[in-house]
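Please keep the sequence and the model in view while reading.

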Amino acid sequence: MAVSINARFHDLAFLKNAFFAEGTGRLLPSAQVLSAFAAFQHTHPAVSAINIQDPSGDRIVWSSVKQSARPITPDKDFSPLPGYPDRFLGRVAYAQRTHAWVLTMRQRIRDNEGHVLGFIGSPFLLANLGMIHTPPELQSVVVMLRPHGQVVSVWKDGRWTPPDTLLAPFAGEVVVPVPGYPWDLHVQWTAAALNHAFWQVERTRLPIFLMGLFFIAGMGTLTRRLLRRLLRLRQYQAAAVLAQQDLLRQNDPKVMYQRLVEVVVEQTEAIGAYIAVPEAGSEWLRVVAASADAPYLRQAMEQLTPSKDPAHFPYGNMVPSLAFREKTPQGPVSPGQSPAMTAVQRQQAPLSRIRSVMAYPVFLCEEREPTAVLVIESDSSRHFTLSLQRLLGQLAVTLGLALTQWRHHRELIEKDAEIQQMAFYDDLTALPNRRFLEIQMEQDMARAERHNRLLAVCMLDLDGFKPINDTYGHEAGDEVLVALGKRLPEALRKSDFVARLGGDEFVLLVEDLADLGDLTQTLKKVEDTIAAPIRLSNGETIRIGASMGIFLYPFGDGETADQLLRWSDQALYESKAHKADREHPWALFGEEVRKAQRTPAQHLLDAGALEVWYQPILDNRARKVVGVEALARLRDAEGKIWPPAEFLPQLRDADFFDLSKKVFAQALADLPILDAQGWSLWVSVNVDPRSVSEACIACLREMITLGTVDPSRITLEILEGSDFLEQQAALEHLLEIKALGVRLALDDVGSAYASLLRLKDLPIDEIKLDQAFVRTLEKRPQDLHFVGATQDLASGMGVNLVVEGVETDDIFDAVTVMGAPLLQGYAIAKPLPLAELQEFLQHTPSHHRRHPTGLLGLYAAQLANHSALKKAIRQNPRLVDYMTLVDATTCPIHDDMRRLGVDDGGPLDQLHQEYHRAIAVMDALLISSPANDDWSAVERAEKALEQAIIEAFWKSKAEDGNPLSSG
């Protein structure tokens, strides 16, 4: 009875895939459902009718036969089957249509996520249970409902009768429970039947009967188990076939893993399956795909972390861990057999459903270590039969074959890409090579003709690339090529093309041009891209130029790609031949190289309009002029003098070398004239960093040798702000110049910090403070701190310091108080022609004055005085007498204030006294508590005094008609 009804429930569950659409879970059209049922009924004639109910179970949405109009009341009409929450049994009723007693039943249908799709119901004719053969002496067989004893139906007189059938009193009965159902079979007999059966008939046959009964019971149990195993095996076989087909179609291991575990759970009685893979450089196996018959179980499996380490209990002793480590299938294992499994289930309650587990290592072909582990879980301890274990092993092998096929496919793609890279791309720069260029040119030429547009073929060669290799090595040259290989495509449009031919030669294909104007914009961008500084791995920064030859297609008839390259190469030759005087770094094939137009300043320089003027440099300690700086001026035909700011922007690189050479030659000629008049001065000449080269050094050597001036009286000034000083080659050139006996100066120190980091490496004798810091001291007196710091730097390095930009008496006063040794600026003298310089030297103004001479000098004196006091007190506070320190009148600043007319008791005098009281207290505190280093009170008093002096200075300037802002 139980086997028959179970089979019917399996039939109902099987019809799910025939009635509901896969994926959406919607009911198929009625015609398809009816057709599927008709086919099913052909092989299952006992299923006389089917109906489909909505998810609530109270409405029939489809039926194979006409249904009663009475609505379904689920709670009254059906009862759930214990142990099977999705199976429901109804009441036994008499069906007039079939003239038979019918048991109603229905199966709840769920999708893969556990959502209810509906119910499939069917009547079960009790007659299908088969005839119950009973001897005449037996009264009846009664089916009763547990535990209430309600009669369901009665077998009597060879047929099923209603529950209320009248029965004679029975003398005895046998109660047999129906396995899995809330029913008991009551086999009843009368007293007469018992006597007759036992004493007259059954007594001699009783042993045989009992043996037969036990045999039948045993065979029934064995048959049920065999049928269940066979059904399970068939489910797994179908799943294996489906999985094999899916796996071989997938191109992603993640998709393979997920599809396999989903098929196993959906198509079989397994409650869960997952795949774990080893994490690189770790002891862990990571779950990458999981599926289960319930979401909470899938989540629990995804959180599992099996370990490859056996010492890591319990994760190192899990079934998948053993399978990975032993490289053999493991299981079936139940919680009672595995302490690790029991421990993990205690940690994660959802896993307690699992009663049996198997794990299979998955290998790629020719691999000795597992790539993954396939794990199958069941809620039955007898789930994994030997046949099923072999089938699962074959499924793991199939997964390994699919992964092997995927890896081989990926390797083929990578090899093909590698071959393509080697065949069509340059190894160093990763740019397309000549072979790729030839293919691209054919396509671009055809496209230019088809669209009636111009195609520019640009042959590009780097200028000055060989010296980079010679100076820094070929590795540095390779770095330059790699950098340009990245920059050039960025300078072009996406539709353009760049290839490397070899060495330092590149080819650009610029297409879809309407005219030369479009091309010019692109070429200028390429020029700027190449000229941008390139930082090498050794820390050096270099610049490089380029020459380009261009051929425009279509130019005529019969051009081939090879001809275009040859003609663009000819244009490149012309461009390089006119490198010194070309307007642009490119030349167009068939046209003369456009020479750059000479600027007015270049014309004046060519015409010999250069004049050398000299600005005196004062030794502030000796109070006399000790040197001059040679400065270039140009005089035009109208007699107008062009200052450097006006003519330098009009000069090109080659002009700067010519300018420096002419200024240097004139200075060498003028110094002996001054010597003859009794003024033995040294001279400094500016040299543009771009001019410093082997040719420049050779020229200097020749001019010094031919001249009569001691080279130690010559100072060459190099601009600090250029990147020339950041190059290793610069140091070598400067050492060669130094070997000529001349002195070297670093000009405009402070305009950039890069050379400050390399001052210790440069062979310099002098630094010149950037006049931008000095000219604005009246507006920004706080910059005197930087002047003092530069003095300390120069003193520490043992080099001279020249302070430029000393344009006013107040600035002269301030930097003199600060102790600047050499001064240059309008406050001493403006740049003068040689004749005026001679006149100036004959009547040099006296600089023997007592400083400070004004309030800006007083401000500088206070800075110097405070710095000295602070250093002395920090070194040893006992060196300074408290009474002397607290008395402001003993301070030199007090005398300077009186001399400059500051009122006694006035605001400045009071702030000065407050400053001395604060610093005297600080001195006393340090004596009593040396660990105390809080100078905040002193700093506030000092800042207040300094600010008051500056405000008084600005006020005096405003009263004199020269207002200054505090910017």
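Leaving aside its neighbours within four places in sequence, with which residues is Thr-429 in contact? They are Leu-481, Val-482, Gly-485 and Arg-500, contact meaning heavy atoms within 4.5 Å.

The model is predicted, so local features need pLDDT of at least 70 and side-chain atom pairs count only at pLDDT 80 or more, whereas totals for chains, interfaces and linings use all residues. Residues are numbered from 1 along each chain as its sequence is written, and side-chain values use heavy atoms, with hydrogens and water left out.

**Thr-429**
- Thr-429 sits in the loop that separates α10 (386–424) from α11 (434–451); helices (H or I, at least four residues) and strands (E, at least two) are DSSP runs, numbered from the N terminus.
- Thr-429 counts as buried because its relative accessibility is 9%, the limit being under 20% relative accessible area (1.4 Å probe, protein chains only).

**The sheet**
- An open sheet of mixed pairing is formed by 5 strands in the order β18-β19-β17-β22-β23; two strands pair if DSSP finds at least two bridges between them.
- Its edge strands, β18 (497–502) and β23 (586–588), each pair on one side only.
- Strands β17 (residues 454–463) and β19 (residues 505–513) are antiparallel and share 7 bridges, with Ala-456 opposite Val-510 in β19.

**Helices on the sheet**
- Helix α14 (residues 516–531) packs on the sheet and touches β17, β19, β22 (545–553) and β23.
- Helix α15 (residues 561–577) lies across β17, β19, β22 and β23.

Technical notes:
Buried < 20%, exposed > 50% of the residue type's maximum accessible area, 1.4 Å probe, protein only. Axes fitted to C-alpha atoms, helices over the stretch in contact; angles between N-to-C directions.
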